[in-house]
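I looked up each item in turn and wrote down what I found.

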Amino acid sequence: MSEKSARSLAKGSAPPSAVPEGLIRVYSMRFCPFAKRTLLVLKAKGIKHEVININLKDKPEWFFTKNPSGLVPVLENSQGQLIYESAITCEYLDEVYPGKKLLPSDPYEKACQKMVFELFSKVLTNKKTTYFGGSSVSMIDYLIWPWFERLEALELTGCTDHTPKIQLWMAAMREDPAVSALHIDVNNVRGFLELYMQNSTEACDYGL
């Protein structure tokens with residue numbers, strides 16, 4: 001499995017070789033909250049994978065053959081099949097790979113989770129369980145978490161001061177094995193954001 005800290009590939013870089021049999025590849029960027037969703041699902045389900053980081057400020061020419069929009073995340077399997085858009089990649093992984101299921105098998109319950117995800121900003125105070133999907137962590141929690149994870153780096157933790165249920169959820173999420181394994185240092189996030197706002201091609205590799 002590739003290290004999540006691997007330096008990003010930029011314009012002029014050679015395209016990676018074919019995905020080895022038995023692996024799935026994720027094209028990512030260390031600080032991208034959308035890609036973080038996919039990485040969380042890969043980690044939570046224990047899927048053997050490799051990570052190729054892309055410099056989103058200086059994208060390789062070949063990357064547009066993986067996703068015409070030039071965005072991460074993108075999944076690629078050993079058959080050369082490509083899947084992109086973060087929520088779609090997460091659902092694909094949950095359906096294709098065995099083990100822990102993050103979305104309910106019941107169509108109605110699955111639809112309910114998706115509705116909550118679409119409207120989560122309006123239902124934060126209406127939670128009746130520790131997690132958004134029930135009594136244990138599920139897909140919706142992983143889809144939402146990357147933005148809450150960045151509150152400290154953005155100095156916005158105060159926005160949860162009057163939402164004790166959200167504070168309890170955040171504390172529980174920090175204890176989740178997948179979340180803790182993929183934690184990014186707050187100072188690195190701040191350094192990335194500062195360089196990114198300067199349109200620096202060094203932003204995506206900050207801290208390496």
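I began with the term contact, which I take to mean heavy atoms within 4.5 Å. The model is a predicted one, in which local features need pLDDT of at least 70, side-chain atom pairs count only at pLDDT 80 or more, and totals for chains, interfaces and linings use all residues. Residues are numbered from 1 along each chain as its sequence is written, and side-chain values use heavy atoms, with hydrogens and water left out.

Entry 1, Tyr-142. Leaving aside neighbours within four places in sequence, I found Tyr-142 in contact with residues including Arg-37, Leu-40, Lys-100, Val-137, Met-173 and Val-179.

I took helices (H or I, at least four residues) and strands (E, at least two) as DSSP runs numbered from the N terminus. Helix H5 (residues 139–149) packs against helix H6 (residues 164–174) at an angle of about 100 degrees, with the axes 11 Å apart; the axes are lines fitted to C-alpha atoms, for helices over the stretch in contact, and angles run from 0 to 180 degrees between N-to-C directions. That makes H5 roughly perpendicular to H6, a label for angles of 65 to 115 degrees, whereas under 35 is roughly parallel, over 145 roughly antiparallel and the rest oblique. On the H5 side I noted Asp-141, Tyr-142, Ile-144, Trp-145 and Phe-148, which meet Ile-166, Trp-169, Met-170, Met-173 and Arg-174 in H6.

I counted a residue as buried under 20% relative accessible area, exposed over 50% and partly exposed in between (1.4 Å probe, protein chains only). Because 10 of the 11 residues of H5 are buried, this helix is largely enclosed by the rest of the structure. A nonpolar core is a set of buried Ala, Val, Leu, Ile, Met, Phe, Trp, Tyr and Cys residues joined through side-chain atoms within 4.5 Å. The largest has 34 residues, of which Tyr-142, Trp-145, Phe-148, Trp-169 and Met-173 touch the most other members. H5 gives the most to this core, with 7 residues. Apart from it lies another core, of 19 residues, with Phe-31 and Phe-192 among them.

My search of the whole structure gave 9 aromatic pairs, where rings of Phe, Tyr and Trp (its six-membered ring) pair if their centres lie within 6.5 Å, with planes under 30 degrees apart stacked, over 60 edge-to-face and the rest tilted. The rings of Phe-31 and Phe-192 have centres 4.5 Å apart and planes at 15 degrees, so this pair is stacked. Both residues are buried.
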